[in-house]
Amino acid sequence: PEGRVTARSYEIRYKPLPDAAALVSEVLSPRGTVSFRPQLRRLVVQDVPEVLDRVQDLLDGYDVPPRNVEVTVSLFLGSDVRDDEAGRHAPASSITREVRGIRETLADFTRWAAFDPLGSRSVSCVEGATVTTGLSDDYQVVFVVDAVRTQQGRERIEFGRFTLQRRIRTADGGERIEDLLSSKIILPAGQQLLVGAAKRPESKRALFVLLRAEPR
């Protein structure tokens, strides 16, 4: 854009200054620059007035208080459909709608068709906080909700880290933690995501995590 380059200062109250600066840099003209003042929690942007107004609108939607998010995590043990023992202790009448949905979804294209629930937990957390929650005596998850973002009118939850862990009792009466699955996850709000992990490709057992998140 043509015009005279001027400077404007913007207070950043909630988000990390480097992240805000990176976001602003995407809309600057070739003549624009951005710097930040950590002590004052402010960005200083130099550009033409049209861009500075756009930066203000961008930051108004970005620099908002941390959102609360309700996260529901369910853990299942999937068994090879060819295993005669799979699912014998879980009669059809006792299978929950959630488990039935997983079985119907995966049975068509994987060998795991019997699913036993191992544990489930719903927790409320805040953007940026690290959460550790147990799913059973043996399993827990650790995750961080990095951000709740709106893209094309739809909200999505970004997990910077999501890790499924197993607690293993040691011979001396202690405990050690083993990471079974760790991933960065982007999940549309209100939708479910199913993630599986097996020790080896030929394993007859696999763990499946069903994840759902909803901003509050």
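S29 is buried, with a relative accessible area of 10%; buried means under 20% relative accessible area, with a 1.4 Å probe and protein chains only. S29 sits in the loop between helix 1 and strand 2. Its side chain makes a polar contact of 2.6 Å with the side chain of D47. Such a contact is a pair of N or O atoms within 3.5 Å, where one must be able to donate a hydrogen and the other to accept it; residues adjacent in sequence count only if both atoms are side-chain atoms.

This is a predicted model: local features need pLDDT of at least 70, side-chain atom pairs count only at pLDDT 80 or more, and totals for chains, interfaces and linings use all residues. Residues are numbered from 1 along each chain as its sequence is written, and side-chain values use heavy atoms, with hydrogens and water left out.

**Overall layout**
- The chain has 3 helices and 11 strands. These are DSSP runs numbered from the N terminus: helices are H or I with at least four residues, strands are E with at least two.
- Along the sequence, the pattern reads β-α-β-β-α-β-α-β-β-β-β-β-β-β.
- Of the 216 residues in the chain, 37% are buried.

**Helix 1**
- In helix 1 (residues 17-25), the buried residues are L17, A20, A21 and V24.
- Seen down the helix axis, these buried residues fall within an arc of 100 degrees, so they line one face. The arc is taken from the directions from the helix axis to the C-beta atoms.
- An α-helix has 3.6 residues a turn, so residues three or four places apart point the same way.
- The cover over the buried residues of helix 1 includes strand 2 (33-37), strand 3 (42-47) and helix 2 (49-62).

**Aromatic rings**
- The structure holds 4 aromatic pairs. Rings of Phe, Tyr and Trp (its six-membered ring) pair if their centres lie within 6.5 Å; planes under 30 degrees apart are stacked, over 60 edge-to-face, the rest tilted.
- The rings of F143 and F162 have centres 6.0 Å apart and planes at 20 degrees, so this pair is stacked.
- F143 lies in strand 7 (residues 139-151) and F162 in strand 8 (residues 154-169), so the pair ties together parts 19 residues apart in sequence.
- F159 and F162 pair edge-to-face, at 6.1 Å centre to centre and 90 degrees between the planes.
- Ring pairs link F143, F159 and F162 into a cluster.

**Around V71**
- V71 belongs to strand 4 (residues 68-80).
- V71 is buried, at 0% relative accessibility.
- Residues that V71 touches (heavy atoms within 4.5 Å) include F143, F159 and L211.

Methods: Buried means under 20% relative accessible area, exposed over 50%, partly exposed in between (1.4 Å probe, protein chains only).
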